[in-house]
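Subject: Structure handover

Hello,

Here is the structure for you to look over. My notes on it follow below.

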Amino acid sequence: MNDFSQAKPRSIPPFRYDIVGSFLRPIELKHARRLFEEGQLSQAQLTEVEDEHISALIKKQKEMGLLAVTDGEFRRSWWHLDFFWGIGGAQKVEMKQTVSVAGMQTKPQSFEIVDKLSYKTHPMVTHFKQLRQLAGNYPVKFAIPSPSLFHFVSLQHGNKIYDNAEQFKADIVAVYQAAIQDFYDAGCRYLQLDDTAWGNLCSSRHRIHLKAQGYDPDQLVKDYVQMLNDSIANRPDDMVITLHVCRGNLHSTWFASGGYEPVAEQLFGQVNVDGFFLEYDNERSGGFEPLKYIKDQQVVLGLVTTKHGGLESKEMLKARIAEAANYVDINQLCLSPQCGFASSEEGNILTEEEQWDKIKLVVETAKEVWGDH
């Protein structure tokens, strides 16, 4: 029998029932983006289509009872690259062949560093302002890739500009400090950093690969703790910043397996975010034991998968929440899907109806455990 008698609702982010951020793109939006890429649609015309579908998405999120809404990342092609391309000194790269992720062929795109990194007002700050305007007075959430991920991806694609590793990390931090302040000045009070680098560092297979490339995974863990903390060190007191750890979600695929044990003590015990969004939708993420290192942050348990449309049972979700509560106080726990529904514009392999059934399940289960906010 699950004892949730001490569980209480929560009215500040991260919420007892929350979301990672991205949603399946409507067919009409995908078509408009394709016409834009082909030069048949202007930026103004594309923005009009995006606004229309984001407005409908916001309305649906409100109807589902979500306490903060997102733009579904409808203005992006990728969850991470679109942000990286907007950083000064980083440049979009069109590669000659597609990249395979767990057997899924992706668009042949990445980024490279072509100059010293710098920050000027980022296009996604404008996206945030547009979201805020469309949402009215309703709370909004925005997600960007983490500084540690920017560094990690650059390791894989080479860096011909910086020969001083410490200066490179320092410049990444400076960019993110400026970006976070820019988002805050635009009105952002709930920002999420998305990070698959930690998913790699949880994986024994990827650790072996990193060592073969000449990198020390344990040193990267230390570096990334410092980079994250330095990047958010100046955030105002009324700005909530969370970290979402992912092992891959492109078109329902994944690339890493392994529990949080290799990184838990440093990640959970030393990173000063306000909350962690953690994958826990299947055995690839391991058990809850590593949560014993959590300090006073909220832990959003990603127990509901976005990789397929099959619906989890409330009884199973409650049992897993109760199990996690053996390691973290029940009032430091929340519930969400394990990831977004569309890490890239292609989206995961489920229907919009199944997507909303997942959100409904999260909201209803969380209310039954912690009560309504």
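This is a predicted model: local features need pLDDT of at least 70, side-chain atom pairs count only at pLDDT 80 or more, and totals for chains, interfaces and linings use all residues. Residues are numbered from 1 along each chain as its sequence is written, and side-chain values use heavy atoms, with hydrogens and water left out.

Helix packing

Helices here are DSSP runs (H or I, at least four residues), numbered from the N terminus. Axes are lines fitted to C-alpha atoms over the stretch in contact, and angles run from 0 to 180 degrees between N-to-C directions.

Start with helix 2 (residues 43–63) and helix 4 (residues 123–135). Their axes lie 10 Å apart, and the two pack at an angle of about 55°. Helix 2 and helix 4 are therefore oblique to each other. For that wording, angles under 35 degrees count as roughly parallel, over 145 as roughly antiparallel, 65 to 115 as roughly perpendicular and the rest as oblique. The crossing of helix 2 and helix 4 is right-handed; that term applies if the near helix is turned clockwise from the far one by less than a right angle. Contact means heavy atoms within 4.5 Å. On the helix 2 side, the residues are T47, D51, I54, S55, I58 and K62; they meet Q130, L131, L134 and A135 of helix 4. By class, this contact of helix 2 with helix 4 has five nonpolar, three polar and two charged residues. The classes are: Ala, Val, Leu, Ile, Met, Phe, Trp, Tyr, Cys and Pro nonpolar; Asp, Glu, Lys and Arg charged; the others, Gly among them, polar.

Next, helix 6 (residues 165–185) and helix 9 (residues 217–232). The axes of helix 6 and helix 9 come within 8 Å and cross at roughly 35°. This crossing is right-handed too. Helix 6 brings K169, I172, V173, Y176, Q177 and I180 to the contact, and helix 9 brings D223, M227, D230, S231 and I232. Those residues divide into six nonpolar, two polar and three charged.

Helix 9 also packs with helix 8 (residues 204–212): the axes come within 9 Å and cross at roughly 100°. That makes helix 8 roughly perpendicular to helix 9. R207, L210 and K211 of helix 8 meet P217, D218, L220 and V221 of helix 9. The contact of helix 8 with helix 9 has four nonpolar, no polar and three charged residues.

Cavities and a pocket

The search ran on a 1 Å grid over the protein atoms alone. A cavity is a set of points where a 1.4 Å probe fits but cannot get out; a pocket is an open set with protein on both sides within 12 Å along at least five of seven lines; lining residues have an atom within 4 Å of a point. Grid points are joined across faces, edges and corners, and a volume is the space filled by probe spheres set on the points.

There are two cavities of 30 Å³ or more.

Helix 1 (27–37), helix 2, helix 3 (81–85) and helix 4 each supply at least two lining residues. Helix 4 gives the most, with five. The lining divides into five nonpolar, nine polar and seven charged residues.

Backbone points to check

Most residues other than glycine have a negative phi, and most peptide bonds are trans. A cis peptide bond joins P13 and P14, with omega about -10°. P14 sits in the segment before helix 1. E73, in the loop between helix 2 and helix 3, has a positive phi near 60°.

Best wishes
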